[in-house]
Amino acid sequence: NTSFDPLNLVNTYGAFGSIGDERHEILLEGTLDERPTASSEWVEYEFKCKPGRPTRLPCVTTPYHHRLDWQIWFAAFQHPARNAWLAHFVHKLLQGDEGALALLDGDPFEGRGPPAWIRTDLYRYEFTDPEEPGWWRRERVRPYLPPLSKDHPGLKALVGNLTGAPP
């Protein structure tokens, strides 16, 4: 950064003075299957402005960012226990909450109902090389949260603790 400091043209904006070559992202996928199996179809939820499908063009947003996209990006750096809000968000999606869906880039189930299960996995993303197809390369790292249904006892207890309602 010192190479351009004498020009007084730009600054490093604190902690974000540089951009890494890769990033970790949490993907949410849902299925309509009441009892998921190895052959279940899992459909990915797309956020408004964060990496998702490898062929999706990176978005540009200014002057503000999409808060949910920002928060879930930071959640990928942390242990799930520090992000109880994400389990609450999953609970809202499992309920078919229209407000929660409005924070995303559409309903991946196209009105066929809320999913019976949602899983969240951590992925590592990198930009592709110019000769490669798509914008991103992604690789699954590990599960972030276990697959959850709206009747999952742990999810019900957590949501009850967050809202003050009984599970």
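Glu22 stands opposite Glu126 in strand β3. The pair belongs to a predicted model. β3 covers residues 117-127 and joins strand β1 in the antiparallel sense over ten bridges. The protein chain has 167 residues, and 34% of them count as buried.

- Buried here means under 20% relative accessible area.
- β1 also pairs with strand β2, again in the antiparallel sense, over two bridges.
- β2 is made up of residues 43-44.
- In that pairing, Gly30 stands opposite Val43 of β2.
- In a regular strand, side chains alternate between the two faces of the sheet.

**Order of elements**

- The protein chain holds four helices and four strands.
- Read from the N terminus, the elements follow the order β-β-α-α-α-β-β-α.

**Contacts along the sequence**

- Contacts between residues at least 6 apart in sequence were sorted by separation, and 61% of them join residues at least 24 apart.

**Surface**

- The protein chain exposes about 10600 Å².

Technical notes
Residues are numbered from 1 along each chain as its sequence is written. This is a predicted model: local features need pLDDT of at least 70, side-chain atom pairs count only at pLDDT 80 or more; totals for chains, interfaces and linings use all residues. Side-chain values use heavy atoms; hydrogens and water are left out. Two strands pair if DSSP finds at least two bridges between them. Buried means under 20% relative accessible area, exposed over 50%, partly exposed in between (1.4 Å probe, protein chains only). Contact means heavy atoms within 4.5 Å. Accessible areas come from the Shrake-Rupley method with a 1.4 Å probe; for residues, only the protein chains shown count as cover.
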